[in-house]
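Here is a short briefing for a reader new to this structure. Please look over the sequence and the model first.

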Amino acid sequence: MPRMDNCKDFLSWVDPDTSLNIFKCLDDPADLARVSCVSRSWRDFVVANGLSKQLCLRMFPQLSRVACVIELNQDGVKEHSEVGSSQSNECLALWKDHRVYSYLARSCLSPVAMDCIDKAISASSTDNFPQESIVNTLEERDNIAGRFSYWSSSGQSNPNVPETLTYQLASQICVITEINIQPFQAHFQMGSPIYSAKSVRFKMGHLKASLDDLTDAFVWTYTSPEFPMAQKFKLPEPVLCIGGILQIELLERVQSQEMDGLLYICISHVQALGIQLSPAFSVDILGPSGMFVLKRDRMANCQPPEPSENESGAALTLADRHFQQIVTILRGHVMGVGAMDGWEEEEYEVDEDNAF
């Protein structure tokens, strides 16, 4: 068997810039975690060069607005900062960034997506309120107790008048991968017309820190391209929604109502599929700059809340209740990100004298 006594770490043979370019080729958080486990020198190289943070920025450009990261302890308060040399403080900050961003990247790997919409905020117009309210779009069924459930815009003669539906997501920070929109088909009208839009666009963001300007209460950190109208929209790349606000823009009306000749847009159901990152992660928006503080609670995991009864007030049958209980149990076992096998969060001891 050949002796390994003279084997050396390739980091000691290759110049730092080349090593960094090699490590940057790793675009999977799992690969970066494995690299960090090879040796102390490899782990220190990953931390010192902020590779976990750089990977997160490539995955989610919205993180470029992060002003700083904070770790919260088990009591939900900030860990006390250590007083020491500037070099040791910088070292501690690098390790903190590594822990936060590496866990964030791992949390976004969950293969199971769930509906992230919590409640409806507003619609740009409503034809008959509350019978045709935006709240109806949260209900998956299009018929409740013999009554059709949908949102309807007001009628317009101009087909270019847009409509918007605005929702609050269940998590202040979450990853959205797919948005589903079901246009309403009016079976009670002659010919069963479908009141769809011609195209759609999505915006994600947060409330403004100051609501002095009530004409636009939101800051949008992501705006999608304009898509031709379809029922399922797989986003080109997963989007990190900072602040938990989703707005759907419905563009160009195509269906007129025979009764009044006006053009309407009607939607039965809206769903935003993705991964909820609360309570493990939260954000504080820093004023009009749009920058934010990213907080990581080390005593919490990225687990979805237990589903509540539908807020539309529709009574569930006994069979529906039993089915919902089964779904709740299954979600509690398989849908949380939590500590994955082989991915338990590491506790690092920083050797200040020999770090990096």
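R201 is partly exposed, at a relative accessible area of 23%. Partly exposed covers the range between buried (under 20% relative accessible area) and exposed (over 50%), using a 1.4 Å probe and protein chains only. This is a predicted model: local features need pLDDT of at least 70, side-chain atom pairs count only at pLDDT 80 or more, and totals for chains, interfaces and linings use all residues. Residues are numbered from 1 along each chain as its sequence is written, and side-chain values use heavy atoms, with hydrogens and water left out.

- R201 forms a salt bridge with E249, with the closest N and O atoms 2.8 Å apart. A salt bridge here is a side-chain nitrogen of Lys or Arg within 4 Å of a carboxyl oxygen of Asp or Glu.
- This pair links distant parts of the chain: R201 sits in strand β10 (residues 197–207) and E249 in strand β14, 48 residues apart. Helices (H or I, at least four residues) and strands (E, at least two) are DSSP runs, numbered from the N terminus.
- E249 counts as buried, at 12% relative accessibility.

**Other salt bridges**

- The structure holds 11 salt bridges.
- One of them joins the side chains of E71 and R298 (3.8 Å, N to O). E71 lies in strand β1 (residues 66–72) and R298 in the loop between β19 and α6, so the pair ties together parts that are 227 residues apart in sequence.
- Both E71 and R298 are buried.
- E163 pairs with R253 in a salt bridge, their closest N and O atoms being 2.4 Å apart. E163 is in strand β7 (residues 163–169) and R253 in strand β14, 90 residues apart.
- E163 is buried, at 2% relative accessible area. R253 is buried too, at 3%.

**Q247 in strand β14**

- Q247 lies in strand β14 (residues 245–253). Its relative accessible area is 10%, so Q247 is buried.
- The side chains of Q247 and T166 make a polar contact of 3.0 Å.
- Not counting residues up to four places away in sequence, Q247 touches T164, L165, T166, R201, F202, K203 and W220. Contact means heavy atoms within 4.5 Å.

**A300 in a loop**

- A300 is found in the loop between β19 (292–297) and α6 (318–334). A300 is buried, at 11% relative accessible area.
- Leaving aside neighbours within four places in sequence, A300 is in contact with Y103, P279 and A280.

Technical notes:
Polar contact = N/O pair within 3.5 Å; in protein donor to acceptor, adjacent residues only side chain to side chain.
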